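Hi,

Here is the structure I said I would pass on. Have a look at it first, and my notes follow below.

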Amino acid sequence: MHLTKYILLYLSCLIILPSQSFANPPPAYEGRRLYVSYCQLCHGTEGKGDGALAKSMQINPADLTTTVRSRSDTILTKIITGNGKQTITGRDRHNILSEAMPEWKDIFNDKQVKALIAYLRFLGSAKHELMGDPKVGYNLYQQYCQVCHGVEGDGDGIMTQLMGIMPMDHTNPNETNSLNNHELEKSILDGKGKFMPAWRHILSQSDVEALISYIRLLSH
Ligand code: HEC
Ligand code: HEC
């Protein structure tokens, strides 16, 4: 008897609950994951060229936060994979061609190389540091925030139809960069305007930091 009751309850839940769609994480998010595993040993956590192995290297790992700005995606792809590196021309040719930077060849597929480049672009333009684990942030965002802020984070969640206003586009770096980490933290903990809920009693401090990191990566 009891069992059938539970099964019925379970089935009715399945029918009532709206199906949740999950966004593909932004490229810079995947890029960061790869960067942390493959690159930070030399280039350092924030890309400044000060990784643990840097001290014992004869050639300094580049400070990616500045060098990548002047490099096209094509050049960066050649540098990372090593494929076609010989055809790079111009002023810094001798630097890029040194053997100190490993050639990753086909360790990364095209999508992963693009993701790495997106993260390098983030490092080159980031105005605010990443505070928490974006992976945790990604899961929380899908769970709690996308109903209003949108699956992709661009502010068109399903609840905006009820509210009649759209929150800021979290995928636009000009908009998100205008708020520092502390300001984002305050909006999340205490809420904002008429409709942004306060999450203080639902999320922990580290949850909020993780969400901020995810929001930062969303724009790349
Ligand atoms: C073993 C240490 C090491 C690792 C690991 C490493 N690099 Fe490098 N990388 C270097 C060094 C050293 C240079 C500078 C080469 C030079 O100046 O001749 C460099 C240069 C670069 C440059 C060129 C910078 C410029 O001048 O524009 C890029 C881009 C780059 N690395 C990206 C990466 C990425 C992405 C990863 C991870 C997939 C990675 N590196 C992993 C050591 C490393
Ligand atoms: C019920 C809808 C709703 C939910 C759920 C929601 N937000 Fe918001 N949020 C808003 C609205 C609306 C604004 C704009 C507030 C204003 O400026 O009046 C906003 C504003 C913000 C802001 C300030 C900057 C901006 O985007 O305008 C941040 C940061 C933010 N939300 C993050 C989050 C995070 C993180 C979550 C999930 C933990 C979340 N929000 C969940 C509706 C929501």
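Let me start with a charged pair: K85 forms a salt bridge with E103, with the closest N and O atoms 3.3 Å apart (a salt bridge here is a side-chain nitrogen of Lys or Arg within 4 Å of a carboxyl oxygen of Asp or Glu). This pair links distant parts of the chain, 18 residues apart: K85 sits in the loop between α5 (73-81) and α6 (93-96), and E103 in the loop between α6 and α7 (110-125). Helices are DSSP runs of H or I with at least four residues, and they are numbered from the N terminus. K85 is buried, at 2% relative accessible area, while E103 is partly exposed at 35%. For those words, buried means under 20% relative accessible area, exposed over 50%, and partly exposed in between, with a 1.4 Å probe and protein chains only.

E103 has another partner, K105, with the closest N and O atoms 3.4 Å apart. K105 is partly exposed, at 37%.

Before I go on, the housekeeping. This is a predicted model, so local features need pLDDT of at least 70 and side-chain atom pairs count only at pLDDT 80 or more, whereas totals for chains, interfaces and linings use all residues. Residues are numbered from 1 along each chain as its sequence is written, chains are lettered from A and ligands numbered from 1 in the order in which they are written, and side-chain values use heavy atoms, leaving out hydrogens and water.

The search of the whole structure finds 7 salt bridges. One of them joins the side chains of R33 and E30, at 2.9 Å from N to O. These two are 3 residues apart in helix α2 (residues 27-38), so about one helical turn separates them. R33 is partly exposed at 46%, and E30 is partly exposed at 25%.

Now the metal. H149 (NE2) and M196 (SD) coordinate the iron atom of ligand 2 at 2.0 to 2.1 Å; donors are N, O and S atoms within 2.8 Å of the metal (3.2 Å for Na, K and Ca), and sites may look incomplete because water is not among the atoms. H149 is in helix α8 (residues 134-149) and M196 in the loop between α11 (181-190) and α12 (205-218), 47 residues apart. H149 is buried at 12%, and M196 is partly exposed at 26%.

Cheers
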